[in-house]
Amino acid sequence: MPPLIADTALIFGRYARQTLRSKPALIFGMVQPLLFLVFFGPLLTDLPLGGRAGSWQTIVPGILVQLGLFSASFTGIGLILERRTGVIERMLVTPVSRLALLMGRVLKDVALLLVQSLLLVCVAVVLGLRAPVLGVAIGFVFVGVLTISLASLSYALAMRVASPQGFAPVINSITMPAMLLSGILLPMSLGPRWLDIASHFVPFRYLVDGVRAAFAGEYGDGKIALASLVASALAVVAVTLGARLFRQTGA
């Protein structure tokens, strides 16, 4: 097995076991998106949300992207705490690949988010969601790639910020406008023209549109292809930046 893969699996296993031991975190990590689904979703089921798809096919993809956006963006807080307790310094003096130190954590975050997404979709099906299995699978891929991107950027920021108090305001100042302008809550086409135009400068808008198209089974209208391009570019940039900061810290 190549050293990078072996090192990544080692780091992934360490943090996966750590996450499984923290059952309250697993449970409460699903509370907000489920509450959003159960209490906010029914308010919109009888509203014309645009497009040919049903309301749940519009609402659920937005909640999935929201779950990825907020969960992945705040993963860096754990790394800050590890830096303050000396865990990161001890890891950096080992021969483990610096890229593996990043990707092991990121892949753990992806695995956790996909489990949460599966649970969310199962509850949504009970509430009335009807979507093709292939479309749901494509949506999960997009959310997984989004998690890779945002978790990598979150860990990169955590390598430069000294405390959670300095980390959280930066993340909040980015994620809140991104959520409002990406059409997570409602399609941006329902808003005024200027707001719809502004949203096209937010990359998450294209991921939301791509997941919604996948859930509606609309595979040929270009939204999925454009979302794939944006998600891939964002992931490459984020992983490259995160790996570079890990290497610089360990130098």
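Author: A helix here is a DSSP run of at least four residues, and helices are numbered from the N terminus; with that in hand, we can read this predicted model.

Reader: Which helix gives the most to the nonpolar patch?

Author: That helix is α3, with 4 residues, while α2 (23–28) and α3 (31–44) each supply at least two. The patch covers about 670 Å² of the surface and is made by Ile-27, Phe-28, Val-31, Leu-35, Val-38, Phe-39 and Leu-127.

Reader: Is Val-31 buried, exposed or partly exposed?

Author: Val-31, which has its place in helix α3, has a relative accessible area of 33%, and is therefore partly exposed, since that term covers values between 20% and 50%.

Reader: How should I read the buried residues of a helix such as α5?

Author: The general idea is that an α-helix has 3.6 residues a turn, so residues three or four places apart point the same way. In helix α5 (residues 76–84) the buried residues are Gly-76, Leu-79, Ile-80 and Glu-82. Seen down the axis of α5, these residues fall within an arc of 160°, so they line one face of the helix. Just after α5, Gly-86 takes a positive phi of about 85°.

Reader: What is the volume of the largest pocket, and which residues are the closest to its centre?

Author: Rolling a probe the size of a water molecule over the atoms shows where empty space is left. In this model the largest pocket has a volume of about 760 Å³, and of the 30 residues that line this pocket, the closest to its centre are Ser-71, Thr-75, Lys-108, Asp-109 and Leu-112. Helices that each supply at least two residues of the lining include α4 (55–73) and α7 (98–127).

Notes. Residues numbered from 1 in each chain as written. Predicted model: local features only at pLDDT ≥ 70, side-chain atom pairs only at ≥ 80, totals over all residues. Heavy atoms only, no water. Patch = residues over 30% accessible without salt bridge, like charges linked within 9 Å, V, L, I, M, F, W, Y side chains within 5 Å. Areas by Shrake-Rupley, 256 points an atom, 1.4 Å probe, with all protein chains shown as cover. Salt bridge = Lys/Arg side-chain N within 4 Å of Asp/Glu carboxyl O. Buried < 20%, exposed > 50% of the residue type's maximum accessible area, 1.4 Å probe, protein only. Arc of directions from axis to C-beta. 1 Å grid on protein atoms, 1.4 Å probe; cavity = no way out; pocket = protein on both sides within 12 Å on 5 of 7 lines; lining within 4 Å. Points joined across faces, edges and corners; volume = space filled by probe spheres on them.
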